[in-house]
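Thank you for making time this morning; I would like to walk you through the aromatic side chains of one protein.

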Amino acid sequence: MAKVLSLGEILLRLSPPQYQTLTQANQLDCQFGGSELNVLATLAQLGHNVSLISAIPDNDLGRMTEQFLFSKQIGQEFMIKKGDRLGLYFYQKGFSIRSSRVTYDRKYSAFWESRLADFDFEAVFDGVDWFHVSGITPALTEELYAITEFLMKKAQSLGVKISFDLNFRASLWDSFQQARQKLSSLLRLANICVGIEPIVLEGESKDLKDELGLARPYCDEKLLFHIVEEIRNQYQLESVAFTQRESTHTNEYQLKAFLFQDGKLYKTEKTGIQVLDRVGTGDAFTAGLIHGLLSDSQPQLVLETAMACFKFKHTIEGDINIVTNHDIEQLLYSDSHEIKR
């Protein structure tokens, strides 16, 4: 299997139990998460050798984090220790008409305060086959944007494949347009793009996506094909993958996924699913996509593998998908949901 490296923050998730809100809870469940961490944890379960570039505090919280990473088989050779804080986020799980809600408390964490000079990146890509980054890390601080850009350029110069999940978080940017401008520069360094926003797509008078009125759900597949083809051409990408999620209530979704590769737009069937925990589902899709591409599967199978990971994570509590190759094969090749004995 492949060696996969990523850059990102490790967050401690604090959640009220049993669908409670923060205002009524008197206890909080804790578990680890973070977009890039979630991707690596899934890839490790699928047999890949993974490592995370990050920063943790040199205290009991940091040691707790180290034990967690060890349990998930995530390499720590590029982990640094500094400061006193680990990033937190509070997650209130929604139900029916009440939406889920996230509150971040990550400013001035060890990772937030990281500087390029803190790391030794001389041999960071030795033996690495794939580098994965998301749009969350460069949104945190200007220094982390610079670190992301530096590593992407280094990976590109060494011929390491790069996947970039746009992963927009409105609370981390001054505006959607700012995110479009900043992430577009990084996307030009990548081979694989996950998502179609926020990036700049040149049109006649304004962004082509706005000009042509592209919006979810993607009912006009001819328009969608034109937009994704333009993304591929303007950014010189190998593949563009993305999901579509339609909801009637917080706990019920209709899911679909798309992959543009070799001039063709592949798609899955729309599937209904009940949701146990929505957090980390996009990361599960990305992990399945990377796994499929590293396996040199045919594009439709790559997409179906990503979709299987995506669907399965909706049934798993916590940020991280708990999935095996056998689970994926069961979803791909079996229609039975009977008890497995």
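Over the ring of which residue does the charged end of Arg-106 sit? That ring belongs to Tyr-104, and the charged end of Arg-106 is 4.9 Å from its centre, where a charge counts as over a ring if NZ of Lys or CZ of Arg is within 6 Å of the ring centre and within 35 degrees of the ring normal. Lys-182, in turn, lies over the face of Tyr-145, at 4.2 Å from the ring centre.

Before going on, a word on the basis: this is a predicted model, in which local features need pLDDT of at least 70 and side-chain atom pairs count only at pLDDT 80 or more, while totals for chains, interfaces and linings use all residues. Residues are numbered from 1 along each chain as its sequence is written, and side-chain values use heavy atoms, with hydrogens and water left out.

Now to the rings themselves, where Phe, Tyr and Trp (its six-membered ring) pair if their centres lie within 6.5 Å, with planes under 30 degrees apart called stacked, over 60 edge-to-face and the rest tilted. The count by this rule comes to 13 aromatic pairs. Tyr-218 and Phe-258 are edge-to-face, because their ring centres are 6.2 Å apart and their planes stand at 80°. Both Tyr-218 and Phe-258 are buried, meaning under 20% relative accessible area, with exposed being over 50% and partly exposed in between (1.4 Å probe, protein chains only).

Phe-225 and Phe-260 also make an edge-to-face pair, since their centres are 5.5 Å apart and their planes at 65°. Phe-225, at 27% relative accessibility, counts as partly exposed, whereas Phe-260, at 2%, counts as buried.
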